[in-house]
Amino acid sequence: MIRSLYAGVSGMRNHQVRMDVIGNNIANVNAFGFKGARATFQDTLSQTLKGAGGGRNAIQVGTGMSLATVGINMEQGPLQMTGRNLDVAINGEGFFMVQASVDGAPSGTVYYTRDGNFYLNDQGYLVTADGYFVVSGDGEAIQVRLPDNPAITSLNIEQNGRVVVNGEERGNIRLATFSNPEGLERVGKNLFRATAASGEGGGVENPRTPGEEGVGTLEAGYLEMSNTDLSDEFTTMITTQRGYQANARIITVSDTLLEELINLKR
C-alpha cells in the first residue's frame, strides 16, 4: 500500500508535467516557426520480491513512473502566404542564423530560428522582430537599405538566399543544419541554441546554401506557422487528464486500505 501511494504520487507529478507541455503547445499555436514538444514516460526501479530461478520467473513490483523525455517535434509547420517581401519561410530543413545587437553590430552567441518574420532596423539591416541581426553566409549582417542609396524600388529574396535590392545583390541568407535538431535548446523568442546534443552539421561554422545539399529553399512572402496540431493536443490532453485522475484514485484507495488496517487495532 505504501508503494502504491508513492506510485500514484509519481504518476500525478509527471502527468502534470505532460499537461504543462500540452498547455505550452496550445499557447503557441499561432507563434511563427514554433515547434511543439512531447512528454514521454518510463517506469522506475522495480522491487524484486523473488529472483528468477528454478524455472520460476522473477517476482517484481514496480515503484511508479518517471519523466523520460520532453522532446521537440521538428516537423515542418504549414506555410501561410502573407505577400510581404520580408516574410521568409524555409520550405524544408534548416534554420536561420541570427545574432544579438551589440553597439549596432551583430555579436555574441549565434541563435537559430525558423521564424522568418523579418524587418529593417534604423540602419537598414535585416533583423528579427526582436532586433536580432540575420547573419549572412560570411557571418556579416545583411544591409538591405544603404545610407547613400536609401530608396528601394524592388526587393527580392530568392529561393537560394540571395537578397537582391534594386537589381543589386546585398547579401546572402544561409541556413544552418544539425545532425540532431531535436537536441537544440529553446531560449525563448522563437530562438534555439546549439548544444552538445544537437551534434555536428552545418552550423555557423559551415552554413548551407538554401536548395543545396538537402537543405530547404526560401519562400519569400510566406511564413511558417506553428506545427502544433490541435486535434492531437486535445486528444493527448484528455488521456493525460484521465491518467492524472486514475493516479489520484490510486492514492485515495490506498489511503482507504491503510485506514482499514489501522481500524483493526480498535
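Here are a few notes on the protein chain and a group of its aromatic rings.

1. First, keep in mind that this is a predicted model.

2. Now look at the overall outline. The C-alpha trace spans about 95 × 40 × 35 Å along its principal axes. For a compact globule of 266 residues you'd expect a radius of gyration near 18 Å, yet this chain comes out at 26 Å.

3. How much of the chain is buried? Of its 266 residues, 36% count as buried. The accessible surface is about 14,400 Å², and carbon and sulfur atoms make up 50% of that.

4. Take the contacts between residues at least 6 apart in sequence: 64% of them join residues at least 24 apart. As for charges, there are 21 positive and 29 negative ones, and their mean positions sit 14 Å apart.

5. Next, the rings. Six aromatic pairs turn up across the whole structure. One of them is F95 with F178, an edge-to-face pair with 6.1 Å between centres and 65° between planes. F95 belongs to strand 7, while F178 lies in the loop between strands 15 and 16, 83 residues away. F95 counts as buried because its relative accessibility is 6%, under the 20% cut-off. F178, at 13%, is buried too.

6. F95 also pairs with F192: the centres are 6.1 Å apart and the planes meet at 70°, so this pair is edge-to-face. F192 is buried, as is F95.

7. Which residues do the ring pairs link into a cluster? They are F95, Y112, F178 and F192.

Definitions and conventions:
Residues numbered from 1 in each chain as written. Predicted model: local features only at pLDDT ≥ 70, side-chain atom pairs only at ≥ 80, totals over all residues. Heavy atoms only, no water. Rg over C-alpha atoms; globule rule 2.2 N^0.38 Å. Buried < 20%, exposed > 50% of the residue type's maximum accessible area, 1.4 Å probe, protein only. Contact = heavy atoms within 4.5 Å. Areas by Shrake-Rupley, 256 points an atom, 1.4 Å probe, with all protein chains shown as cover. Lys, Arg positive; Asp, Glu negative; His and termini not counted. Charge placed at Lys NZ, Arg CZ, Asp CG, Glu CD. Phe/Tyr/Trp six-rings, centres within 6.5 Å; stacked < 30°, edge-to-face > 60°. Helix = DSSP H or I, 4+ residues; strand = E, 2+ residues; numbered from the N terminus.
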